[in-house]
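The following exercises are to be worked through with the sequence and the coordinates at hand. Each task is followed by a solution in steps.

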Amino acid sequence: MICGLSENDLTIEPRHAVVANGTRMTLSCTIPASVPEEHPDTRFWMVHNGKNLTSDPSAPAYKNNNTEAFAAFDAEIASNTDASVYTCVVATSGKWADTNRAEVNGTVLVVSVEQAPVFAEVGKDTRVACLRPPSAQLPKIIVTLNEHLSCDVDVIAETRTLQSLEEADTEIDCYITTERACLQYGNMGNAVDKGAVIKHRLDVIGFQINDTVAHEVCIAFRTSLGTSINISLALKNGTVVEHGLLNIFYGNITSKCFNRTDDVVELVFITSEGHEFRKDLSLAREISEEKNPIGLVVGIVAAAVAIVGLGLGVILCYCKKRLPCQAGSETLANINQGRAGNDSEGKRCHG
């Protein structure tokens with residue numbers, strides 16, 4: 001205990017943090033407000049790898065409320081070398097060399113949050129998942145979707161269905177933290193409030209295919225973040241033919257149409273970040289042909305003509321059997337004339 005300050009009175013937030021490379025984070029040291037009131041010279045230091053975190057070697061305590069006082073320090077996390085242990089030091093004398101001081105450690109874990117975008121076709125089930133980032137560091141990493149702020153699971157995946165392209169801008173966030181942070185703060189929500197969590201938004205690229213027009217395919221895109229997509233056609237022989245680059249901006253629906261020959265079997269989407277997605281067109285073509293309204297009408301007309309022809313054939317055959325006296329060269333006009341007259345043969349045809 002140092003001049004009314006015990007080790008338990010000094011805290012660092014976040015105590016267990018997980019961050020991405022390139023992140024600027026804030027660490028804070030907190031003590032009871034009564035300490036700087038009684039000792040105005042109280043100073044804080046934040047140390048990492050034996051060096052002070054800021055150019056100013058120390059920082060005074062600022063009242064946060066009537067019960068706490070704190071000092072805040074910013075840290076640039078540029079690489080894994082900026083991770084590991086940060087130490088908050090406080091001395092009521094205001095002197096670093098004072099042996100009568102208190103210290104508390106906080107850990108920072110650096111992870112990669114790069115993840116491929118989610119391609120979601122309108123009307124189709126799409127698997128949405130937060131991937132566990134690779135890290136050889138300990139402790140264990142916890143990953144959840146925003147609807148499941150729980151520390152009880154490691155990775156959560158869900159199946160979602162876009163009903164329209166307008167839903168493509170729905171926010172889907174992944175929360176990444178450590179098991180220690182969850183245990184310390186009780187749940188993921190509290191860990192978020194303390195800055196111990198990476199909130200990583202997934203890029204959802206919604207698309208809709210219209211190929212009801214013969215030998216033409218139109219694709220409409222909408223994205224939650226904005227990206228560029230290179231569209232290519234994959235042929236049966238394995239050749240991939242580029243068909244152009246689309247710049248898709250957040251909130252806008254962007255579409256492109258192109259001719260499709262019978263040898264096109266797949267659409268290939270490649271984002272500007274190099275993520276690839278392939279859409280099989282063979283099944284879509286078969287469904288489209290089954291639902292083709294022109295083909296349906298032609299089929300109905302052909303069936304009707306066949307039925308009428310069959311009916312006439314049955315009538316002629318029936319009349320010919322009932323009129324053995326008629327010559328083989330007799331025409332339908334002769335038979336109709338027999339129907340109108342009173343001769344016995346005509347009556348037998350209708351009898």
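**Exercise 1: Surroundings of a proline**

In this predicted model, Pro117 has a relative accessibility of 15% and therefore counts as buried.

Task: Locate Pro117 in the chain and determine which residues Pro117 touches, leaving out those up to four places away in sequence.

Solution. 
1. Pro117 sits in the loop that runs between β10 (102-111) and β11 (118-121).
2. The residues in contact are Asp203, Ile205, Thr271 and His275.
3. For Thr271, the separation along the chain is 154 residues, while the C-alpha atoms of Pro117 and Thr271 are 8.8 Å apart.
4. Thr227, in strand β19 (residues 227-235), also has Asp203, Ile205 and Thr271 among its contacts.
5. The relative accessibility of Thr227 is 8%, below the 20% limit, so Thr227 is buried.

**Exercise 2: Disulfides**

Task: Determine how many disulfides the model contains, and describe each pair.

Solution. 
1. With sulfur atoms required to lie within 2.5 Å, the count is three.
2. Cys29 and Cys88 are joined with an S to S distance of 1.9 Å. Cys29 belongs to strand β3 (residues 23-32) and Cys88 to strand β9 (residues 84-91), 59 residues apart. Both cysteines are buried.
3. Cys130 and Cys174 are likewise joined, at 1.9 Å; the angle about the S-S bond is -95° and the link is left-handed. Cys130 is in the loop between β12 (125-129) and β13 (141-145) and Cys174 is in strand β15 (residues 173-178), so the link ties parts 44 residues apart in sequence.
4. Cys218 is joined to Cys257. The torsion about this S-S bond is about 110°, so the disulfide is right-handed.
5. Cys218 is buried at 19% relative accessible area, whereas Cys257 is partly exposed at 42%.

Methods: Residues numbered from 1 in each chain as written. Predicted model: local features only at pLDDT ≥ 70, side-chain atom pairs only at ≥ 80, totals over all residues. Heavy atoms only, no water. Helix = DSSP H or I, 4+ residues; strand = E, 2+ residues; numbered from the N terminus. Buried < 20%, exposed > 50% of the residue type's maximum accessible area, 1.4 Å probe, protein only. Contact = heavy atoms within 4.5 Å.
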